Amino acid sequence: MTAVPFTEMQGVAPVVPIAGTITTFYANWSLGQPNNYDVSQVGTIHAILARATSNSADFLPIPGTRIDLTPTITFDDIYDEDHNALRPVRAGGLTGLSVPVVAGDRLLVLFWITGTPGIYLSSKCGAGVTIQ
């Protein structure tokens, strides 16, 4: 897997406060201000958890933590029949994970969309994990 340098991203990478095991991961995505694209199929929103050790700015995706948020998002989800902007929400989660973390690790959630090329969707994203 390729490391993603934090300097190339905007966002916050919370610090893991205690050593333990990530057992659940949940993510959601909501559309901000849609652009005026006339497309029939936009695609699927994805999220993956990434981690950097306390002395690194390079985040590596954690295998097994990719979520395909559901349902897929289409043009009809973005605009109603009068072309008024809607604010769809997509979400998903994983349980039964066993991802060890140590105090000081930093976590970051990466979101991306697959489907129609060239689509830019302003959005708001959130995520949470359970550490036991």
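These are my notebook entries on what I looked up in this predicted model.

**Ground rules.** I treat this as a predicted model, in which local features need pLDDT of at least 70 and side-chain atom pairs count only at pLDDT 80 or more, while totals for chains, interfaces and linings use all residues. Residues are numbered from 1 along each chain as its sequence is written, and side-chain values use heavy atoms, with hydrogens and water left out.

**Entry 1, overall layout.** Read from the N terminus, the order of elements is β-β-β-β-β-β-α-β-β-β. Of the 132 residues, 37% count as buried, a label I use for under 20% relative accessible area, with exposed for over 50% and partly exposed in between (1.4 Å probe, protein chains only). The accessible surface comes to about 7,400 Å², and 53% of it belongs to carbon and sulfur atoms; these areas come from the Shrake-Rupley method with a 1.4 Å probe, and for residues only the protein chains shown count as cover. Taking contacts (heavy atoms within 4.5 Å) between residues at least 6 apart in sequence, I noted that 81% join residues at least 24 apart.

**Entry 2, strand 2 and its partners.** I then checked pairing, which requires that DSSP finds at least two bridges between two strands. Strand 2 (20-31) and strand 7 (89-101) run antiparallel and are joined by ten bridges, and S30 has V89 in strand 7 as its bridge partner. Strand 2 also pairs with strand 9 (residues 123-131), again in the antiparallel sense, over nine bridges, with T24 standing opposite T130 of strand 9.

N28 lies in strand 2 and is partly exposed, at 30% relative accessibility. Leaving aside neighbours within four places in sequence, I found N28 in contact with L69, R90, A91, F111, K124, C125 and G126. The C-alpha atoms of N28 and G93 are separated by 8.7 Å, although these residues are 65 apart along the chain.

A nonpolar core is here a set of buried Ala, Val, Leu, Ile, Met, Phe, Trp, Tyr and Cys residues joined through side-chain atoms within 4.5 Å. The largest has 20 residues, of which I22, F25, W29, L49, L69, I73 and I78 touch the most other members. Strands 2, 3 and 7 each supply at least two residues of this core, and strand 2 gives the most, with five. Apart from it lies another core, of seven residues, including I48, A50, A52 and L110.

For L49, setting aside neighbours within four places in sequence, I listed contacts with I22, F25, L60, P61, I62, T65, L107, L108, V109 and V129.

T44 is found in strand 3 (residues 41-52) and is buried, with a relative accessible area of 16%. Beyond neighbours within four places in sequence, T44 is in contact with D68, L69, T72, W112, I113 and T114.

How many salt bridges does a search of the whole structure find? The search finds one, counting a side-chain nitrogen of Lys or Arg within 4 Å of a carboxyl oxygen of Asp or Glu. R66 forms a salt bridge with D68, the closest N and O atoms being 3.0 Å apart. R66 is partly exposed at 43% relative accessibility, and D68 is partly exposed at 40%.

How values were computed: Helix = DSSP H or I, 4+ residues; strand = E, 2+ residues; numbered from the N terminus.
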